[in-house]
Amino acid sequence: MRANLIRLLSAAVVLAIWQFIALFHPPTYLPGPFLVFQEMGKIFASGEFLVHMFWTLERVLVGLVLSFSVALIVGVFMGLSDFWETCFDGPVLVGLAIPGLAWAVIGLMLFGLSEFTQIFAIFMVVTPILAVNIWEGTKALDRKLIEMTVVFKATRPMIIRSVVLPQLIPYSLAAVRFGLALAWKTVVIAETFGATSGIGYKIIESRELLSMRGVLAWTLSFTIVMIALEFGILKVVEARLTAWRPKRANLTIAQVTK
């Protein structure tokens with residue numbers, strides 16, 4: 001309850017600062033929160049948002065599933081074997097260095113105005129991030145605990161289910177959360193270049209109409225959905241799957257520096 005109040009207060013402060021700055025600019029240049037919320041209401045009432053959000057969400061989910069599937073294999077192999085770590089660390093680092101904008105342009109040139117353009121961009125941007133998280137998680141496995149289970153003659157499926165997977169779950173969930181946030185940004189960029197539907201397409205359409213109100217309304221609507229998915233699904237799943245972990249100790253700065 002206290003955390004939700006703090007979040008609401010933080011949002012209220014941001015809106016107040018936004019409204020204050022908007023007072024010094026014409027609405028066509030920087031509309032205030034009330035005007036943007038009005039535009040959001042029109043977008044939701046027309047049904048446009050659901051249609052375009054569906055296409056964006058579909059691209060994100062397909063790209064994220066493909067990325068996680070490949071990154072899980074690559075990350076585990078890199079964490080368990082020096083040979084595979086040497087083979088993959090170069091391509092992974094190169095993938096981390098190339099910006100999403102470049103992959104969006106490359107995808108457009110390779111595949112044209114097709115669904116695969118956005119999925120390709122998401123896959124190329126997100127996979128290295130996920131692979132690094134899973135790689136680090138695999139390297140951090142408690143090998144002594146695994147050796148102990150072997151001494152007690154636990155079967156391989158039992159070791160994987162009861163020892164390996166619980167230790168990898170926090171890293172995998174962190175990878176998915178980072179990957180999802182990055183996938184949202186990437187798909188919007190890709191949609192502004194090579195799509196005829198989706199949130200990115202509507203943002204660029206509003207820009208071409210010189211409608212700052214439309215740009216902010218579509219952006220904020222999209223952001224609200226992202227936040228809802230984060231707190232309504234990902235955090236709930238994370239809490240259930242990592243309930244076995246000890247709770248974080250809340251230390252004050254004075255206690256840490258003592």
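This is a predicted model: local features need pLDDT of at least 70, side-chain atom pairs count only at pLDDT 80 or more; totals for chains, interfaces and linings use all residues.
Helix H2 spans residues 33–46. The helix has 14 residues and reaches 20 Å from its first C-alpha to its last. That span is close to the 20 Å expected at 1.5 Å a residue. Five positions of H2 are named as buried: Pro 33, Val 36, Glu 39, Met 40 and Ile 43. Seen down the helix axis, these buried residues fall within an arc of 125°, so they line one face of H2. An α-helix has 3.6 residues a turn, so residues three or four places apart point the same way. The face of H2 turned away from the buried side carries the exposed residues Phe 34, Lys 42 and Ala 45. Gly 47 follows H2 and has a positive phi, near 85°.

Phe 44 also lies in H2. Its relative accessibility is 41%, so Phe 44 counts as partly exposed, the range for that class running between 20% and 50%. Beyond residues up to four places away in sequence, Phe 44 touches Phe 49 and Ser 221. Ser 221 is 177 residues from Phe 44 along the chain, yet the C-alpha atoms of the two are separated by 8.9 Å.

The second largest pocket has a volume of about 370 Å³. Its lining comprises 13 residues. Arg 7, Leu 8, Ala 11, Ile 224 and Ile 227 lie nearest the pocket centre. Two elements give two or more residues to this lining, helix H1 (2–22) and helix H10 (212–241). H1 gives the most, with seven residues. By residue class, the lining of the second largest pocket divides into ten nonpolar, two polar and one charged.

Leu 210 lies in the loop between helix H9 (199–208) and H10. Its backbone stands out. Most residues other than glycine have a negative phi. Leu 210, although not a glycine, has a positive phi of about 55°.

Technical notes. Residues are numbered from 1 along each chain as its sequence is written. Side-chain values use heavy atoms; hydrogens and water are left out. On a 1 Å grid over the protein atoms alone, a cavity is a set of points where a 1.4 Å probe fits but cannot get out, and a pocket is an open set with protein on both sides within 12 Å along at least five of seven lines; lining residues have an atom within 4 Å of a point. Grid points are joined across faces, edges and corners, and a volume is the space filled by probe spheres set on the points. Helices (H or I, at least four residues) and strands (E, at least two) are DSSP runs, numbered from the N terminus. Ala, Val, Leu, Ile, Met, Phe, Trp, Tyr, Cys and Pro count as nonpolar, Asp, Glu, Lys and Arg as charged, and the others, Gly among them, as polar. The expected span of a helix is 1.5 Å times one less than its number of residues. Buried means under 20% relative accessible area, exposed over 50%, partly exposed in between (1.4 Å probe, protein chains only). The arc is that of the directions from the helix axis to the C-beta atoms. Contact means heavy atoms within 4.5 Å.
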